[in-house]
Each structure stands twice: as C-alpha cells, then as structure tokens.
Amino acid sequence: MEKTYSLTAHYDEFQEIKYGGRYSSDILSNGMTLHLGGSLDRHMSRGRGGTWSNGRNKDVSGNSSNRGLPRWSRREICLLSALVFAAGMCVILGSMLALKYISLDAQQDPLCRQDCQSKRSLLRAARFVQANIDPTIQPCQDFYSFACGGWLRRHGIPEDKLSYGIITAIGEHNEEKLQRLLLEPIQRRGPDSAERKVKEFYRSCISIEEIDKLGSEPMIEVLSSCGGWDLVGAPPGAAGWEREGAPQRPDFNELLYRTQGVYSTAVFFSLTVNVDDKNSSRNAIRIDQEGLTLPERSLYLGQDEDSVKILAAYKALMERLLSMLGAHNATQKSKEIIQLETQLANITMSEYDDQRKDISTMYNRITLRQLQRIAPSLHWKRLLDRIFHDNFSEDEEIVVLATDYIQKVSDIIKNTSKRCLFFRVALESYSSSSALVRNIS
C-alpha cells in the first residue's frame with residue numbers, strides 16, 4: 001500500500017531533493033534515505049523512479065495505527081506563533097482598558113455624574129424649546145407667538161375638545177403608554193396580583209360585546225338596590241313607605257355613596273385625597289366643584305349656535321336613556337334633567353377663571369362639623385366613614401376648594417325632586433361606561 005506525503009508537510013525535504021548537492025550523503029535531515037532510481041526501504045514504492053524509505057525505529061505498513069502525523073513546516077509554525085501572540089496582546093490590552101474604565105468610574109465624583117445627567121436633561125429641554133418657537137417673530141413685539149408659534153403651527157384643537165395644550169398632549173401620550181402596558185399579557189396571575197387585577201379590570205371596560213349584552217341591567221340593579229328612581233307606584237304619603245310589602249324607600253345618600261365610593265364617579269362634587277396645598281407634609285381629603293356631564297358650563301347656556309346643537313343632542317340622548325331605564329313620559333323628565341344641570345352650570349365657576357388659578361383664594365380648610373353646617377342636605381360624616389372605612393371625628397379637618405359652590409349645591413339638592421336627583425346620579429355613572437359611546441352612535 002502506497003504511503004502519500006503532504007507537499008506542505010515535507011516542503012523542506014523536497015527542497016533538499018532539489019538542492020541535493022548540499023548534502024554529503026544520501027541521508028536526509030529527517031532520517032529518511034534517498035535512493036535515486038531505487039525503491040523505498042521496507043518495500044514502499046513511489047511510482048516515478050525515486051523512492052523514499054523511513055529509517056526510523058518503526059516499520060511503516062498499511063496499518064493506520066503505525067502512521068506518523070505530518071510535520072508542520074517552519075512557515076506554518078511561524079504563522080501560528082504570530083496569531084497566538086496577536087490574540088494574547090488583544091486580551092491583555094482589552095483587560096487593561098476595562099480595568100482603567102472601572103477604576104475611573106469608581107473614582108468619579110457622584111456630583112459629576114449628576115451634573116452630566118443635568119446637562120443631558122438641559123439639552124433635551126433646549127431641543128424641545130427650539131422645536132416649538134417661531135424664530136420669524138420678534139420676541140419684543142409678540143413674545144407668546146415667538147415662544148409657542150412652532151407648537152401652535154403643528155397642533156390644532158381636536159374636534160372633540162374645547163381647548164388643547166402641551167399638558168393635554170403629555171396626558172394623551174401617557175395614556176397611550178398605559179394602554180399598551182394594560183394590553184400586554186398578564187405575567188403574574190396570583191389571586192393577590194395587582195397586575196392581574198388592573199389588567200382584567202381594564203379589559204372588562206373595553207369589552208364592548210359584553211357591555212352591549214348586559215345593556216342597562218347593571219344600572220337598573222344599582223338603582224333598584226337604592227329604592228328605584230322613577231317612583232311610579234310609590235305609596236302616598238311618608239307613612240306609606242313603612243307599610244308591609246311597600247317598596248324600599250329611595251335613599252339619595254345611599255346612591256351617592258355607591259357612585260362616589262364604589263364606582264369612583266364624581267356626582268355634584270369631587271371627593272379626592274391629595275397633598276395639602278398649604279402643608280406638604282400631610283395628605284388631606286379635598287372637596288371641589290364637579291357634576292356637569294358636558295365638558296364646559298358654557299354649553300348649557302346656549303351662548304352660540306354650536307352650544308344649542310350640542311344641548312339638543314344631549315337632551316335626545318337623555319330621552320333615550322330614560323326609555324332604556326323604563327321611565328314614563330321621558331320627554332318631560334329629560335327637560336327636568338336639563339333644568340337641573342343648567343342650575344349646576346350657573347353655580348359652577350369656569351376653570352379658565354382667574355380665581356380658579358389662585359389656590360390661596362380657593363383654599364378653605366374646615367372641620368366636618370363646619371361642612372355639615374354649610375351643606376346640610378348631605379350626611380357628610382356617614383359618607384366619608386363609609387368611603388374611607390373609618391370613623392372620623394367631627395373635628396376632622398378637610399379642604400374645600402369651592403365653598404360657595406358646595407353651599408349652593410346643597411340648596412339645589414334640597415329643592416329638587418328625588419326622581420330627578422336619582423336620574424342625575426345614574427346618568428353620571430352610566431356616562432362613564434363604554435355603553436354610552438355605543439348608544440350615542
């Protein structure tokens with residue numbers, strides 16, 4: 001069996017053959033014997049007349065276990081050594097750079113890092129300002145147009161809004177982020193998982209098919225549990241409610257608790273917990289004006305053609321809702337609701353009024369006892385105790401931002417029919433659901 005040799009591995013031996021005159025004998029440097037025209041020692045033939053024989057200590061045969069590994073040439077060894085050296089240098093240099101970076105970061109002053117973050121924030125703010133100004137306008141002549149002209153040029157007032165500004169735009173941007181987070185798959189599905197609760201709650205609100213399937217039944221159940229609202233078939237006189245088999249007497253304060261405390265819907269007034277505007281070390285219960293279904297009080301006053309159209313569409317919507325709730329004479333009752341909300345609009349101060357922008361003018365910290373005297377038509381302590389699951393003292397201090405409004409709204413509640421008040425509360429709760437949007441369309 002012939003033995004094949006690599007030309008690369010035996011490059012030096014072939015060079016010795018080419019320049020054979022440099023040797024004084026037929027023994028090559030690797031211990032092999034050269035016989036010109038002969039045969040290989042130990043019967044190994046080459047086929048071109050020149051034969052090789054291995055003069056080493058082991059016999060060469062067809063058995064692969066006796067074959068020696070080919071030698072590396074000096075060129076290959078040099079190349080491999082160079083690659084190993086280059087790789088080693090790269091590792092050493094990389095380690096030195098990493099150690100230098102770590103040491104510099106550890107020695108860096110925290111104030112310096114904070115200063116760098118401040119600089120980045122300032123650069124972002126500068127780019128924002130530059131994008132929103134109008135450099136074509138002289139600031140000394142019209143500074144507002146100079147400062148806001150770029151933003152006003154890129155943004156118009158949407159058709160569904162009466163005003164639009166940067167705060168509204170930021171709010172919409174944050175809502176888009178929240179919506180994407182709420183629509184992501186639930187990762188933690190434990191019974192106490194806050195993520196699962198909030199995502200399932202949000203998805204129940206946007207499940208239009210389920211909302212349409214339920215229709216007005218959930219609202220009717222809430223109203224029925226409070227004694228109903230239409231008062232059709234109510235027993236005559238106050239004593240009639242006490243008779244056996246008589247329907248449950250309507251309780252406006254109970255319905256108000258459900259809308260404010262259970263469904264978190266502001267009706268007639270808003271009830272929130274915020275940082276005290278004059279003492280940031282404490283939180284305070286804050287009561288403010290609230291209660292209009294339409295977005296602006298001017299829409300109830302019919303001051304222009306658009307307001308008249310919107311008010312007419314709103315009246316038609318109320319008639320439809322009254323019919324869904326099983327009301328009798330829906331047209332007459334919708335007029336009563338419009339009159340009630342117009343009264344609320346007349347005592348509500350516009351958010352664009354200068355007085356609403358001055359917190360020191362609106363701020364009024366009073367006790368529960370004082371609030372009960374100001375607005376006696378509502379049971380304030382019972383309402384707050386149930387909402388906050390507490391037992392407040394009569395001397396508990398709360399912040400009222402619209403004292404005149406609260407006093408006047410108490411008078412309106414006192415002089416308005418229970419049926420009208422109940423439907424006003426029901427409408428405010430119902431309008432917060434997605435079903436209202438579907439019914440309008």
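Modeller: What follows sets each label against its definition.
Modeller: This is a predicted model; local features need pLDDT of at least 70 and side-chain atom pairs count only at pLDDT 80 or more, while totals for chains, interfaces and linings use all residues. Residues are numbered from 1 along each chain as its sequence is written, and side-chain values use heavy atoms, without hydrogens and water.

Colleague: What is the average pLDDT of the protein?
Modeller: The average is 76, and 71% of the residues score at least 70. pLDDT is the predictor's confidence in each residue, from 0 to 100.

Colleague: How many aromatic pairs does a search of the whole structure find?
Modeller: Six. One of them joins Phe269 and Trp380.

Colleague: Why is the pair of Phe269 and Trp380 called tilted?
Modeller: Rings of Phe, Tyr and Trp (its six-membered ring) pair if their centres lie within 6.5 Å; planes under 30 degrees apart are stacked, over 60 edge-to-face, the rest tilted. Here the centres are 5.0 Å apart and the planes 50 degrees, so the pair is tilted.

Colleague: What makes Phe388 and Phe392 edge-to-face?
Modeller: Their planes are 85 degrees apart, with 6.0 Å centre to centre.

Colleague: Why is Phe392 called buried?
Modeller: Buried means under 20% relative accessible area, exposed over 50%, partly exposed in between (1.4 Å probe, protein chains only). Phe392 has 10%, so Phe392 is buried. Phe388 has 29%, so Phe388 is partly exposed.
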